[in-house]
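Here's a quick briefing to read alongside the model.

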Amino acid sequence: MSALAFDRVTFAYAGTEKPVLLDVSLEVPEGAFALLAGATGSGKSTLLRLAKPEVAPVGELSGTVRAHGEDVRSLDAAASARAVGYVFQSPDAQMVCDTVWHEMAFGLENLGVPEPEMRRRVAETATYLGMGPWFRDRVAELSGGRRQVLALASVLAMRPRAILLDEPTSMLDPVTEQAFLALLFRANRELGMTVVLATHAPGPMLDYATCAYVLEGGRAREVALEELRPATLDSLTGITHRQDGSCPTGGKTRHSDEKDVRPVLSLDDVWFRYDRDADWVLRGCDLAVGAGEVRALLGANGCGKSTLLQVVAGVLGPRRGRARNACAGDQALLPQDPRAVLACETVRDELMEWSASSGRYGAAEVDAALERLGLAGCPGRHPYDLSGGQQQLLALEKLLLVRPRLLLLDEPTKGLDRAARAAVAGRVRAAASGGATVLLATHDAAFVSSVADTASLVFDGEVTTTELAAEFLRESWLYSNSRNGS
């Protein structure tokens with residue numbers, strides 16, 4: 001029996017005429033570790049969500065989706081939880097509780113699992129995933145990697161026979177990504193759980209996978225795993241890597257010695273923690289970024305990159321030290337979850353929202369943006385009906401339309417395919433050429449190579465080194481090995 005079967009599935013979102021899925025038929029064998037690849041907006045997330053009625057999108061569906069032989073639309077909540085678990089692209093999308101242990105218990109409580117059984121499942125899952133040291137931590141204080149493990153743990157505690165994951169490693173650094181995939185592999189091999197993983201970057205997963213499918217033009221086809229081996233980004237996307245130390249934005253090259261550069265923003269001995277009794281996230285952090293510079297922040301999950309961006313933006317205030325930002329009145333911040341930027345009912349309304357208040361763009365610029373995004377044919381679509389990658393692109397475009405002097409970007413290429421990452425690189429380069437200063441946090445070394453003047457390594461709450469981006473990547477043991485991944 002197949003773990004999942006899609007039989008001639010066609011689906012169109014509410015308010016649109018063109019189907020995103022067209023007569024899709026595929027079967028995932030029981031016990032498989034299956035990859036689902038395809039371009040941004042190809043329908044990967046939609047296909048996975050149709051197998052989980054609780055998160056299925058609203059629209060017109062024809063065909064049948066079965067889990068272990070049962071039509072998923074016939075399953076009640078308990079049967080659905082036993083059949084299929086779902087992990088979202090952003091772990092924050094499924095977090096509802098304050099603490100780790102309560103988050104793990106939340107789904108079981110809603111299913112009415114008796115307390116002794118619930119305690120045992122939570123304890124066994126936490127032990128299996130090595131969560132003991134942070135079992136009682138607050139969710140808000142977890143690193144991105146730990147939040148992703150928690151999202152997985154909350155689903156595993158329900159003991160589903162199959163687990164679906166939507167771009168689960170898109171916000172993870174290379175080391176954390178491998179650790180997370182190893183946990184998935186254990187669940188697949190040791191527990192016999194079927195794994196179906198949607199991804200734009202299949203390279204790191206190929207050693208674990210048993211089968212793969214690609215969505216193209218709304219249709220699905222099974223492919224050999226070798227077809228998903230990554231080629232270099234140079235040949236596939238047009239992203240230009242600079243090896244000579246020159247500035248890809250066309251500006252003057254900046255050096256790691258910044259004493260001669262008048263900073264637009266700076267942190268001087270900044271310390272920050274979220275609560276009085278919590279550990280320090282930033283520890284005596286110093287940073288200086290010059291006008292028109294594109295600075296990349298790299299470092300492992302939990303090292304303080306996102307917190308640093310929020311301190312620069314003024315969202316968080318230092319507990320000690322001083323943060324200066326000459327562009328505080330003309331800045332834009334793209335957080336890790338693009339939905340924090342998206343607040344309107346339609347795609348077009350999102351792009352038009354700040355037109356009047358900024359006075360910097362109008363309907364013509366919005367029409368051009370819709371064309372760039374490939375959404376000109378569906379301006380009335382709800383932003384939450386877009387794929388995670390499309391939401392990311394929409395949120396970035398919304399910020400870029402106001403032409404801010406300072407652009408702060410937190411993982412701007414997460415969940416994007418090669419072509420979309422190249423498009424983002426072009427948009428960031430254009431913003432820098434127009435005079436914007438850019439500070440971005442990322443794990444995407446190829447993106448850093450294509451857009452950044454300088455790169456800083458963040459470790460243990462400090463900026464440990466700043467160099468020309470090309471020099472940094474060339475000398476890096478960790479990031480030089482990930483530049484040509486898919």
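A charge sits over a ring if NZ of Lys or CZ of Arg is within 6 Å of the ring centre and within 35 degrees of the ring normal. By that rule, the charged end of Arg273 sits over the ring of Trp280, 4.1 Å from its centre. Keep in mind that this is a predicted model, with an average pLDDT of 88 for the protein chain.

- In the protein chain, 92% of the residues score a pLDDT of at least 70.
- Where pLDDT is low, the predicted coordinates should not be read in detail.

**Nonpolar cores**

- In soluble globular proteins, nonpolar side chains tend to be buried together.
- The largest nonpolar core here has 47 residues. Within this core, Leu351, Leu409, Leu440 and Val448 touch the most other members.
- Which residues does Val448 contact, leaving aside its neighbours within four places in sequence? They are Ala296, Leu298, Thr442, Ala455, Ala469 and Leu473.
- There's a second, separate core of 46 residues, and its members include Val100, Val113, Val155 and Leu156.

**Cysteines**

- How many disulfides does the structure hold? The count is 0.
- Cys97 is buried, because its relative accessible area of 12% falls under the 20% cut-off.
- Cys327 is buried too, with a relative accessible area of 2%.

**Aromatic rings and a charge over a ring**

- The model has 6 aromatic pairs. One of them joins Phe11 and Tyr13 edge-to-face, at 5.1 Å centre to centre and with 85 degrees between the planes. Phe11 and Tyr13 are both buried.
- Tyr86 and Phe88 also make an edge-to-face pair, with the centres 4.9 Å apart and 65 degrees between the planes.
- Phe33, Phe185 and Tyr208 form one aromatic cluster.
- Besides Arg273 over Trp280, have a look at Arg339, which lies over the face of Tyr384 at 5.8 Å from the ring centre.

**Helix α8**

- Why is α8 described as largely enclosed by the rest of the structure? Because 7 of the 9 residues of this helix, which spans residues 305-313, are buried.
- The buried ones are Lys305, Thr307, Leu308, Leu309, Val311, Val312 and Ala313.

**Positive phi without a glycine**

- Glu167 is not a glycine, yet its phi is positive, about 50 degrees. You'll find Glu167 in the loop between β7 (162-166) and α6 (174-190). Its relative accessible area is 7%, so Glu167 is buried.
- Asp460 is not a glycine either, and its phi is also positive, at about 55 degrees. Asp460 is in the loop between β18 (454-459) and β19 (462-468). With a relative accessible area of 42%, Asp460 is partly exposed.

**Two spots to look at alongside Pro379**

- Thr346 lies in the loop between β15 (331-334) and α9 (347-352). At 17% relative accessibility, Thr346 counts as buried because the cut-off is under 20%.
- Leaving aside neighbours within four places in sequence, Thr346 is in contact with Pro379, Gly380, Arg381 and Pro383.
- Where does Val214 lie relative to Thr346? The two are 132 residues apart along the chain, and their C-alpha atoms are separated by 29 Å.
- Asp367 belongs to helix α11 (residues 363-373). This aspartate counts as partly exposed, at 38% relative accessibility.
- Asp367 and Pro379 are 12 residues apart along the chain, and 9.3 Å separates their C-alpha atoms.

How values were computed
Residues are numbered from 1 along each chain as its sequence is written. This is a predicted model: local features need pLDDT of at least 70, side-chain atom pairs count only at pLDDT 80 or more; totals for chains, interfaces and linings use all residues. Side-chain values use heavy atoms; hydrogens and water are left out. pLDDT is the predictor's confidence in each residue, from 0 to 100. A nonpolar core is a set of buried Ala, Val, Leu, Ile, Met, Phe, Trp, Tyr and Cys residues joined through side-chain atoms within 4.5 Å. Buried means under 20% relative accessible area, exposed over 50%, partly exposed in between (1.4 Å probe, protein chains only). Contact means heavy atoms within 4.5 Å. A disulfide is a pair of cysteine sulfur atoms within 2.5 Å. Rings of Phe, Tyr and Trp (its six-membered ring) pair if their centres lie within 6.5 Å; planes under 30 degrees apart count as stacked, over 60 as edge-to-face and the rest as tilted. Helices (H or I, at least four residues) and strands (E, at least two) are DSSP runs, numbered from the N terminus.
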